[in-house]
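Please consult the sequence and structure shown here while reading.

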Amino acid sequence: MNVDINFEVLEQTGMSADDFLYLYIVYRKGFNYLNSLNLKPNLEELQENGYIKLGETSDLHIVRQKFFDLLSNNFDQMF
């Protein structure tokens with residue numbers, strides 16, 4: 001899986017690269033990557049900021065529209 005990260009998005013949101021990658025992996029349902037990567041996302045903060053709804057396990061987490069909006073803005077800026 002390849003992931004492009006726009007550093008401006010990280011700066012504007014205060015999100016770490018780990019936070020962004022975690023959200024993207026959950027969004028793409030690449031849960032097997034979560035076990036092999038050493039990510040340390042701040043899940044409570046991501047939930048407080050409206051990017052994710054936490055479930056009992058990572059496969060039950062729900063990525064919210066606020067994160068999708070970041071992806072669409074990032075994609076639109078590429079053209």
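## Aromatic rings

Rings of Phe, Tyr and Trp (its six-membered ring) pair if their centres lie within 6.5 Å. By this rule the protein has 3 aromatic pairs. One aromatic cluster is formed by Y24, Y27 and F68.

A charge is said to sit over a ring if NZ of Lys or CZ of Arg is within 6 Å of the ring centre and within 35 degrees of the ring normal. K66 lies in this way over the face of Y51, at 4.9 Å from the ring centre.

## Basis of the model

This is a predicted model, in which local features need pLDDT of at least 70 and side-chain atom pairs count only at pLDDT 80 or more, while totals for chains, interfaces and linings use all residues. Residues are numbered from 1 along each chain as its sequence is written, and side-chain values use heavy atoms, without hydrogens and water.

## Fold and burial

The protein has 5 helices and 2 strands, which are DSSP runs of H or I (at least four residues) and of E (at least two), numbered from the N terminus. Their order from the N terminus is α-α-α-α-β-β-α. The C-alpha trace spans about 35 × 25 × 20 Å along its principal axes.

Of the 79 residues, 30% are buried, that is, under 20% relative accessible area with a 1.4 Å probe and protein chains only. In helix α2 (residues 17-27), the buried residues are D19, F20, Y22, L23, Y24, I25 and V26. K29 follows α2 and has a positive phi, near 60 degrees.

Note on methods
Buried means under 20% relative accessible area, exposed over 50%, partly exposed in between (1.4 Å probe, protein chains only). Rings of Phe, Tyr and Trp (its six-membered ring) pair if their centres lie within 6.5 Å; planes under 30 degrees apart count as stacked, over 60 as edge-to-face and the rest as tilted.
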